[in-house]
Structures are given as structure tokens and as C-alpha cells.
Amino acid sequence: MSLELHGTVHRGDFQRHVDVTADNGEVVAIVGANGSGKSTVIHTIAGLAALADGSLIVNDTPWDVPANNQWVSPEQRGCGVVFQDVRLFPHLNAVQNVMFGLRSGGVKRNDALERAMETLSEVDAHAFALRTPASLSGGERQRVALARALVMKPRVLLLDEPFSAVDERSHADFLQLLPRIVRETGAIALMVTHDHSDVSAIASRVVGL
Amino acid sequence: MRKPSTSLGLRAIALFAFILVALPLLSIFIRTPWSELGNIASQKTTRDALFISLETSVIAAIVAALLGVPLSWMLARSTARGTSLVRTICIVPMVLPPVVGGIALLTAFGRRGVFGRFLYDWWGVSLPFTRTAIVIAQVFVALPFLVLAVESAFRQLDTGLEDAARTMGASPLRVFLRVALPGARGSIVAGIALAWARSLGEFGASITFAGSFPGKTQTLPMAVYELVATDYRASLVMSLILVVISVGVIATMRDRWMTGAQR
Amino acid sequence: MEIIAPDKRKIAVRRGIVDKAFRGVVTAGSMISLIVLALIAAFLLYRGFEVFRDFGLKFFTSSKWDAGADDGSIAPSFGVAPMLVGSVVVATIAISIAVPFAVVMALFLCFYAPRFLRRPMTSVLDLVAAVPSVIYGIWGYAILMPHAKGWAETINHWLGWIWIFKVPVPIFERSPFIAGVLLAIMILPIVTSVAREVYSQAPQDQIDAAYGLGGTRWGAMRTVVLPFGKSGLVGGAMLGLGRALGETVAVYLVLNLVFKVNFQILASAGGSVASLIASRFGEAGPYELKALMAAGLVLFIITLIVNFIASSIVNRAGKSQR
């Protein structure tokens, strides 16, 4: 598993060159000032934004190489994303949110439910599995969003300030959990964060923007 | 307030205007011959017209929803160049005089019409002056209202949710069915209700394309119109039925869905 | 965050068959509506062409509508001048009555109405939009007309010296005036809701500033809200005008269709292209049918022009506000 992003990311008029490299089992921290393009990098890797030039190659597969007209659509990239603005589906409850990706991939309802509940337990969110996002606190929503990203066992995990609203104790738990999952599944995690203790605790590499 | 007189005048005029708006409804209620209501309502002409009206308008609303909701979705999300042209054209029937629409439908699908000729020669299908014709005319007139309402609802949806769904491997169809449709549910229901009310009250396009044959293609509005000169009381009763159904359903939909959709 | 489409690049996406079908249905649906509408204009033109060719400009200037005799002893002759003029006259009356009332009612709903009135009144306005127009027709015929007849007599009594308020014979029923009043009431809700929408977007800080400068509420309306909403209101009025031009059954019930150009709005003689089509359509022969289609085309084009003007005015308003 490897990820190589070298090129110009853009969003509206904003443009900047970035170099991100990540290997098997690594957690890469992306740090930088507000407006430095951290979220744009996450969107570019997830396939929700395109590179202006350069290349994004994952596991020797060209995901986005403008020069060669190569592009893999977001639904085929299989990234697990925790968005900065969370983006839970408001019409679904917590466990249905987690099941969404599994069901899209054709997993049977009962199996999907079981796996979703397991993952929710892992992030200590099973207690509010049946509640709608509107009734959850900011931290609770982030846990559900994290479960929603992890349940797919993604090869590439993209986390955009995933712990900004969770309390200190859960935060510490997640800092244990995340590297373990990444190591076990041989995935790559990219995490945008403002928290220096996050960086020193789990990041094996730091990309400054 | 230095010049209360202006405000007072404005209030008075506003209330007068409001009374003007509400008056037609009120006077239908007042003039209805209540004692003969049951009698007239159970007459064959009335029952037939009511049944035809309900049948065709419900089918028309369903067809309009099946065509209009995907169309609205395309209009709201497509970035292709012709999109705004398609949108403009979709709205045209809203401003097209319904009789002109009816005539056009007749020219297109009439037995000797441009398409109708083939329908008739090849399959023996003759559309004009049938209930199918009523449904077509109603869909034609009602579709733009639905598209207008639903498209703006889709536009206001958070595209971030759709992006999120795509990263989870959801196909475009699944994004539409599982994310966009539930998100716009309130407006879609409201749009269907509006389309249905338009279909129920539709007159111009249906009478030109389907005629007004009692028991066959005569809808309630046509019956009201035909009877106004000969049997004024019956036509008042039918008007009452028409008003109660259309306004009643819209009012129910409004309370249940629209307020929720508007937040 | 929207998806930024990569420029000049084809995105090669493998799609399932269901998705292909979905895209196909959506595209087909929009293409169908496009084609149907384009064909409508084409059909009307195609069918009406013969009539335009036979009568030329006379179709617009002549006042004679005669299907002729079947044996050919009387040649058919078609002209829509009275109907065209009638449509314009009736719609103008409707607009000039409806717009002032709509403005006042919209101002009231946005800025004056107490909360407990605002919601029910807005609801009633929306509900009235669902009322079938035939209801207005029967109401206009049975209830409005006897009253409006009295108003017309009063106007004629006091203003009869003005040419347009004169009547050749003292019959005041089924006149363009009454049709105009009825249409005004019919389009009042739609024009009001457009105006209300526009006024509710008036910049609150400017309204507050107008108050702050010692102005009255009405002063703030006049200096801020009304100028702000002017273009939007024109758009709403045009929408109402379009509806008034196309209205069939209500007009037919309260207007005496007479094939003579008439500008005297209180006289019992008028015209309306839409009503002409509806009234003649049933018993028309093949050639008269073509003439009716030609008339429909004329109406279609007028409506398109009105709406084009409206949308360009509204667009301009939208841009200048940004």
C-alpha cells in the first residue's frame, strides 16, 4: 500500500502545490494554517476535487493524472472519509449512517447491521445507535462519522479534524485505536489536525502546508 | 408615527384586497343550495364527473411525479451547456395558454396528427377524446409546477452529503434514491400535491384534447362549465365539491409537509 | 464543496447497467419535454401556415370570422383583430387593478401585519392558487357580474364623457370591464406572492437606516422597499399578465365575444383569443380548425414575448442586487 500525491490541488481560485507520500500502515499528519489547503488535499484524494496538474497514484494505480486523462471516480476509490463538517445523513439514524456504505457495496442488511454495530462499539458510540444526527452532540456525531469511515475497512482513511469536538478521554482512546486499525488493515491514514499532541502521538510522518 | 393616516389607509386597502381574494371561495359556500346538496351530488352526471376527475388527476399526478422528479434532479445537478435551455422549455407550459397546449397535443397525437397517425396506423391507438387524453393534457399542464418546486428543493440540498455518499461507494442512482430523495421529501410531496390540484382543476387543455362527453371524458370543471347556463344549482354544488377537494388536500399537505420543509 | 470537473479531460467512469439506465431515463425525460415543446410551436406553425398564407396580414387586421358555407358559396374569412385587441384590453384592465392591490397587500403582509394575521393570510393566498379557474368563472358569472354591472353603470354615469367609458347601448353585462375585474381577482394571489417574496428580501439595514433618519414607516417603504422591489414586481405582474392572456373559461363566461374591435370597456362586446379558441373549437371544420391553430400560435408568441420580457427584467433585478 502506498500513496503518492505530487501536484497542484485547487478549489475555486485557490491553488497550491503539494507533495504527500505515505506507506503501508502509516498515519500521516497534515498540519498547516487555516486556508492552507488541508481540506482540499483530503477532497482531492477522496475524488471530490481534481488535480490541476501532477499525479495522484495509489498502489501503482493512477487515481488522478490529468496529463494522461486518468481518473478513478470517488465511488471506486474506496476511501473512508471523516469530513470536517461531519456530513452525517440527517434522515438516517446513527447505525443506518454507518450501514450506508456497506449497503451500497451490496452487503446484506443483517450482516451490515451487525458490522455497523460492532464498529460503533469500537468507537464507543453504540449507546446512541438509534438516534438521529440532529439529536447528537458534536462529539457524538464525530464518533458516528468515524465509525462510518472505519466500517468499510478502507485502504485509505482520510480524517479532516476528526477529534475536534470529542472529549479528552475519548480523544486519548482514539489515539490508541486509530494506529492499531491502520496497522492491522495495512491501510494508510491521512489526518488533518491542529493538535500537536496528536501529531507526536501517532503520526509517523508530517506534511506541513 | 407622524403620519398614522397613511398606515391606516394602507392597512384598510390591504384588508380589502384580501377580502377580494377570499370572496370567491366564501360566496361559493354561501350560495350553495345545501338542502339539495345530497340530491345533486348523487346524480349520475355529478358522480361520473367526480369519478373521472379523481381518476385522471391522481394518475396524472403520479405520472408527473415519475417524469418530473428525475427531470428536476437533472436540472438541479447537471452542468451541461443546454441545461438552462431545457429548464426554460420545461416552464413554458406554465405560461402557455392551456387551450393552445390542448390544440398542440391534438395536432401531435390526433388520429391524423403528426405522431397520432402512426399510433393509429400501426397499433390502432387513438388518443383524443379518451381518458388517456385527459391524463396527457393534465400532465402537460401540471408538470412545470412540480418541476419548479422540486428543482429548487434539490438545489438547496447540501451537495456535501451527496459527495460523502459517493466516497462510500454509492452509485449515482443510489445517491439519488437514498440521499437526494429523502432530503427533498417535503418539497416533493408538496410538488405532487400542487401538480394534482392543477390537474384536478385543469380545463382548457383537457377540453380541447379530450372533449367533454358526459360519463366518458367530462371532468368536474367541464361539468361545472357546461351546466352553468342550464342547471346553475348543480354547477354550484360541483364547484363546491371541487373547491373542497382541491383546497382541502393542499391545506392538509401544507400543514403536514410544507412547514417541515421550510423549517 | 462541489466537485470540480477536471477541464478538458474525459472522466472515464465504469458504470453499472442500472446507472446507465438511470442516466438514460433522466436524459430521455428532459429530451422528451424539450422535443414536445419545440414540436408544439412547429405544429401550430405548420397547421396555421395555410391560414397565414391565405390571409396574410389580414388575419391580424380583419374583424370577420366566418367559416364560410360547405358548398363554397360563401368563402371563409378569418381575422383575429377583435380578439387580439380584446385580449390586450382585458389583460390591461386586470393588471392595472391587480398590481396596486397586490403591492399594498404584500407591503402589509411583510411590514404591517400583526403576527397572528400574517400566517393565516399567507396560507389563504397559497390555497387560493389551487382553486380551479372554472370556479372563478362561475363566481364571476353568477355573483360578481350583477355587482360589477352596478359599478360599471356608476362609472358610465360620472365618467361617460370620456370616450372609453361610453357605451353605444345601455347594456352593462359581459363587458371587458367585468372580465378585467374578474381576472384581476384571479391573478391577485400570484402577483401578491411574488411581490411579498421580493419585499421580504429588502435590505433590513437600509429600512432601519430610513427609520433612523427620522422617517415614518411609510417613508421607509417609499424610499427603500418600493424601489428595491420594482423589477421583481414587474416580473410578478408579467406572470399575472401571462395568466390573464391565457385564461379561457372564466373569461368566456363573463365576456360577450363579438367580432368587432371594441375599446369601450363598459360595452357588452369584447374578445379574447383563448376564449375564441375554446368556444369555436367544438364545431370547427378542418379549415376553421387551422385558423384557430393560427390564432393559438399568435397567442403563444405573445405569451412568450411577455414572459421573455418578464424574465429579462427579473434577471436584471437579480444581478443589480448583487
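Chain B is divided into domain 1 (1–31) and domain 2 (36–262), with bounds from an automatic or database domain assignment. The model is predicted: local features need pLDDT of at least 70, side-chain atom pairs count only at pLDDT 80 or more, and totals for chains, interfaces and linings use all residues. Residues are numbered from 1 along each chain as its sequence is written, while chains are lettered from A and ligands numbered from 1 in the order in which they are written.

**Chain B and its contact with chain C**
- The centres of domain 1 and domain 2 of chain B, taken over C-alpha atoms, are 33 Å apart.
- Chain B places 68 residues in contact with 69 residues of chain C (C-beta atoms, placed from the backbone, within 7 Å).
- Helix H1 (residues 4–31) of chain B gives the largest share of the side that touches chain C, 16 residues.
- That side of chain B holds 48 nonpolar, 14 polar and six charged residues. Ala, Val, Leu, Ile, Met, Phe, Trp, Tyr, Cys and Pro count as nonpolar, Asp, Glu, Lys and Arg as charged, and the others, Gly among them, as polar.

- Chain A has seven helices and ten strands (DSSP runs: helices H or I, at least four residues; strands E, at least two).
- The C-alpha trace of chain A spans about 45 × 40 × 35 Å along its principal axes.
- Of the 209 residues in chain A, 47% are buried (20 or more other C-beta atoms within 10 Å of the residue's own, with C-beta atoms placed from the backbone).
- Among contacts in chain A with a separation of 6 or more, 68% join residues 24 or more positions apart.

Note on methods. A residue is buried if 20 or more other C-beta atoms lie within 10 Å of its own, exposed if 12 or fewer, and partly exposed in between; C-beta atoms are placed from the backbone. Two residues are in contact if their C-beta atoms, placed from the backbone, lie within 7 Å.
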